[in-house]
Amino acid sequence: MDYNFMTEMEGFLDREHSELLEQMSEIAAGKGKVAELYGEILSIFSYHLDKEEETVIPLLAYLKSRSTARSEVGFHDLESASRKFIGDAEEMISEHREMAQIIEKVASAKESGSSQKAAEIGRSLLHHVELEEEILYPAAEAACELLALEKNSTAGRQVR
Ligand SMILES: [Fe+2]
Ligand SMILES: [Fe+2]
């Protein structure tokens with residue numbers, strides 16, 4: 001079977017981050033309230049995305065490597081991704097809330113021209129966040145648990 005759900009999800013996250021970053025930057029570069037609000041979202045999104053790329057993406061890659069029996073990520077990198085995810089997940093979820101609150105303000109800031117596109121991008125961002133919280137974060141959490149189990153099961157033996 002060629003299809004691999006984790007490969008799909010890992011690629012999806014990367015792709016959506018670049019797309020959202022590009023679209024939101026376009027709107028933020030304009031003038032007015034909506035542009036200003038997108039500037040606020042971007043100030044959160046840009047570092048939020050870095051955290052996800054350092055934690056969720058390698059953890060998804062780890063799940064993928066388990067299902068294809070290929071190791072693409074170093075164990076030590078994974079350990080630090082796992083530690084960082086466990087430490088930062090709560091904060092990352094509250095950053096989702098903060099961005100969602102700003103999107104609500106975008107929806108109520110009625111401006112001609114940019115509004116419809118801004119609202120559409122807002123919906124894409126909310127959808128992105130929902131998918132992360134319902135599927136990708138739980139998958140990353142499961143990856144952390146698997147890693148801990150693997151570490152314990154190899155604890156008595158000298159590995160790598
Ligand atoms: Fe994301
Ligand atoms: Fe996120």
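**View 1. Packing of helices α1 and α2.** Helix α1 and helix α2 (residues 33-54) pack with their axes 9 Å apart and at an angle of about 155 degrees, where axes are lines fitted to C-alpha atoms, for helices over the stretch in contact, and angles run from 0 to 180 degrees between N-to-C directions. The two helices α1 and α2 are therefore roughly antiparallel, the term for angles over 145 degrees. On the side of α1 the contact is made by Leu 13, His 17, Leu 21, Met 24, Ser 25, Ile 27 and Ala 28, and on the side of α2 by residues including Val 34, Tyr 38, Leu 42, Phe 45 and Leu 49; two residues are in contact if their C-beta atoms, placed from the backbone, lie within 7 Å. By class, the residues of this contact of α1 with α2 divide into twelve nonpolar, three polar and one charged (Ala, Val, Leu, Ile, Met, Phe, Trp, Tyr, Cys and Pro count as nonpolar, Asp, Glu, Lys and Arg as charged, and the others, Gly among them, as polar).

The model is predicted, with local features needing pLDDT of at least 70 and side-chain atom pairs counting only at pLDDT 80 or more, whereas totals for chains, interfaces and linings use all residues. Residues are numbered from 1 along each chain as its sequence is written, and chains are lettered from A and ligands numbered from 1 in the order in which they are written.

**View 2. Helix α1 and its buried residues.** Helix α1 (residues 5-28) has 24 residues and reaches 33 Å from its first C-alpha to its last, close to the 34 Å expected at 1.5 Å a residue, the expected span being 1.5 Å times one less than the number of residues. Its buried residues are Met 6, Met 9, Glu 10, Leu 13, Met 24 and Ile 27 (buried means 20 or more other C-beta atoms within 10 Å, exposed 12 or fewer, and partly exposed in between, with C-beta atoms placed from the backbone). Glu 19 also lies in helix α1 and, with 13 C-beta neighbours inside 10 Å, counts as partly exposed. Glu 19 and Ile 121 are 102 residues apart in sequence, yet 9.9 Å apart in space, C-alpha to C-alpha.

**View 3. Buried residues of helix α2.** The buried residues of α2 are Val 34, Leu 37, Tyr 38, Ile 41, Leu 42, Phe 45, His 48 and Glu 52.

**View 4. Leu 146 in helix α5.** Leu 146 is found in helix α5 (residues 114-153) and is partly exposed, with 16 other C-beta atoms within 10 Å. Between Leu 146 and Leu 63, 83 residues apart in sequence, the C-alpha to C-alpha distance is 8.9 Å.

Note on methods. Helix = DSSP H or I, 4+ residues; strand = E, 2+ residues; numbered from the N terminus. Parallel < 35°, antiparallel > 145°, perpendicular 65-115°, else oblique.
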